[in-house]
Amino acid sequence: MMELFLQALTLRAGYNAALVALGATAFGLAAGLAGTFLTLRRRALVSDAMAHATLPGVVLAFLAMVALGGEGRALPGLMAGAAITAGLGLLAVDALTARTRLPEDAAIGAVLSVGFGLGIVLLTAVQGMQAGQQAGLQGFLLGSTAGMLRADALTVALGGGAVAAVLVALRRPLTMVAFDPGHAAMLGLPVRALDLALMALVLAITVTGLRIVGVVLVVALLVIPAVAARFWTDRAGRVGLLAALIGGGAAWTGVALSAAGPDLPTGPVVVLVAAAALVLSFVLGPARGVAAPLWRRGAAG
Amino acid sequence: MTDPAFVQLSLPPILIGTLAAIACALPGNFLLLRRQAMVGDAVSHAVLPGIVVAFLLTGQATGPVVLFGAVAAALLAVLLIEALRRFGRVEPGAAMAVVFSTMFAAGVVLIEQSGAGAVHLDVEHALMGNLESLIWFDATGWGSLVDPVALAGLPLELPRLALAAAVLAGLMLLFWRPLVLSTFDETQARAAGWPVGLIGLGLAAAAAVAAVAAFAAVGAIIAIAMFVCPPATARLLTDRLRTQVWLSVGFATLAAVAGYVLAGHGPGWFGASQALSAAGMIATVAGGILAAAAIIGPRRRQSFI
């Protein structure tokens with residue numbers, strides 16, 4: 001198993017596997033970066049609601065594509081469906097919060113669980129239809145890079161790269177809005193538009209990552225790297241960079257590990273690698289970690 | 001409904017689903033009012049590794065060891081969340097997301113690696129329960145309800161869930177005053193000498209017990225729907241807590257029964273034969289009821305909290 005792992009890790013396990021690894025890494029980088037802004041804006045849990053709400057959209061897109069005569073497996077199509085229902089989920093959270101007296105956390109919980117439940121109903125409806133193709137959809141729950149097509153890997157890589165590029169381009173205004181929206185508004189920044197842009201980018205990276213880590217755990221790749229990075233530095237630019245590296249690294253390593261042995265589902269393995277990085281950061285990190293006082297003493301002395 | 005098949009195949013799942021929904025709705029009322037709905041979310045995810053470890057030790061997905069494992073896992077989650085918030089100054093939502101997703105991932109890997117999936121507890125169960133399979137082979141008709149021999153063959157989940165729901169209801173009644181006071185006026189609760197922190201922890205533990213109960217029926221994620229939707233629906237219909245709790249029980253029951261029936265028999269009405277996920281349908285119905293209340297509920301807008 002070690003052999004397989006090392007091969008996959010160094011991109012020597014075949015062209016397909018290498019593409020998958022690169023695609024996953026692009027996703028991890030973008031997710032880590034997006035997560036930095038997301039956690040600063042305190043919108044981590046909303047993204048979880050969106051992620052769970054993608055499930056009905058994935059199945060409906062599958063059905064639509066099959067109805068149009070296709071195989072129903074084209075990843076861009078599935079991602080589009082996912083994006084639509086996830087967007088609707090976000091709107092539902094906002095509507096519940098704004099128009100009723102329910103607090104936001106209840107709205108999030110409701111959309112998350114009901115969206116997922118509806119997705120499961122649709123999934124079981126499809127199960128009776130074309131069992132073989134449906135097997136591909138099950139992989140969206142917890143991620144499954146096994147048997148991922150070249151085209152899929154490319155889609156994920158492009159999606160991740162595009163989101164990362166936009167995030168880097170918008171990093172300064174996004175950072176300002178994240179740290180002090182009032183001040184940013186005074187400076188003339190379009191705070192509302194930037195918030196919407198951030199959620200749109202989070203939506204994009206969420207649907208990109210569905211194939212890799214799945215609906216249930218994509219929030220982990222958004223949040224864990226960003227939280228880990230905060231233990232090393234307080235400077236916004238560096239947090240983003242570090243979060244991207246941790247996210248990318250976790251995806252790369254996790255995908256290799258998952259390919260190395262049986263019974264290692266991709267999503268959970270990637271999440272556990274990221275979590276390990278977090279534990280290390282918590283213990284060793286100079287900015288806030290448990291060892292932080294030691295670092296400070298060392299710097300002073 | 002006079003058909004023995006109903007008693008064999010449908011009655012136990014309907015009862016189990018209903019009891020699970022009620023078990024979650026009860027603490028869910030207080031979580032909602034304390035703006036701690038995400039505790040239900042976190043606990044539902046976090047109990048998975050606890051359940052798996054207990055399952056590996058005892059071979060059962062319900063029972064006292066499993067309860068212990070679940071509560072231990074939930075308390076571990078609370079601890080880890082607090083550690084992140086205190087030492088890392090991580091904001092609460094992110095801290096919860098980190099802990100519960102990591103623990104859930106650990107639970108899934110444990111299931112896969114330990115081969116538990118081959119026996120009884122697989123990942124599919126964790127995600128969507130297996131309500132449909134909790135059937136009563138030994139039943140021959142309604143008469144079996146008073147037949148001790150047949151009753152011995154009842155799926156274990158049913159009496160255990162009934163006990164869990166009863167215990168949760170009892171605890172709620174027993175601790176009603178401190179619960180209500182600490183929820184609506186924490187300062188006064190402290191002044192009156194109530195251990196507010198402990199009450200909060202107790203509520204999380206109760207949520208863990210409910211989550212395990214629901215897990216047996218509908219899996220982890222749909223349990224969240226049961227924590228949130230019936231109490232939220234009730235909240236949009238009344239200002240009075242007692243009424244809210246009763247209504248939440250009613251909506252939980254409605255969602256469970258209607259959900260199960262729609263999932264099992266709905267497709268037949270359209271000429272299809274594939275049964276749908278009962279758990280998913282229960283969550284969907286609960287969501288539908290909530291949506292209706294959000295649109296026409298008499299108390300949907302005013303807020304005194």
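So, salt bridges between chain A and chain B: the rule, a side-chain nitrogen of Lys or Arg within 4 Å of a carboxyl oxygen of Asp or Glu, finds 1 across this interface. That one joins the side chains of Arg101(A) and Asp239(B), at 2.7 Å from N to O.

Quick housekeeping: this is a predicted model, where local features need pLDDT of at least 70, side-chain atom pairs count only at pLDDT 80 or more, and totals for chains, interfaces and linings use all residues. Residues are numbered from 1 along each chain as its sequence is written, chains are lettered from A in the order in which they are written, and side-chain values use heavy atoms, with hydrogens and water left out.

Back to the interface. Contact, meaning heavy atoms within 4.5 Å, takes in 53 residues from chain A and 61 residues from chain B. The two chains bury about 4,500 Å² between them, 74% of it on carbon and sulfur atoms; that's accessible area (1.4 Å probe) lost on being put together, summed over both.

Now the cysteines. How many disulfides are there over all chains? A search of the whole structure gives 0, taking a disulfide as a pair of cysteine sulfur atoms within 2.5 Å. For Cys24(B), the nearest cysteine sulfur is that of Cys229(B), 11 Å away. Cys24(B) counts as buried because its relative accessibility is 0%, and buried means under 20% relative accessible area (1.4 Å probe, protein chains only). Cys229(B) is buried too, with a relative accessible area of 0%.

Conventions. Buried means under 20% relative accessible area, exposed over 50%, partly exposed in between (1.4 Å probe, protein chains only).
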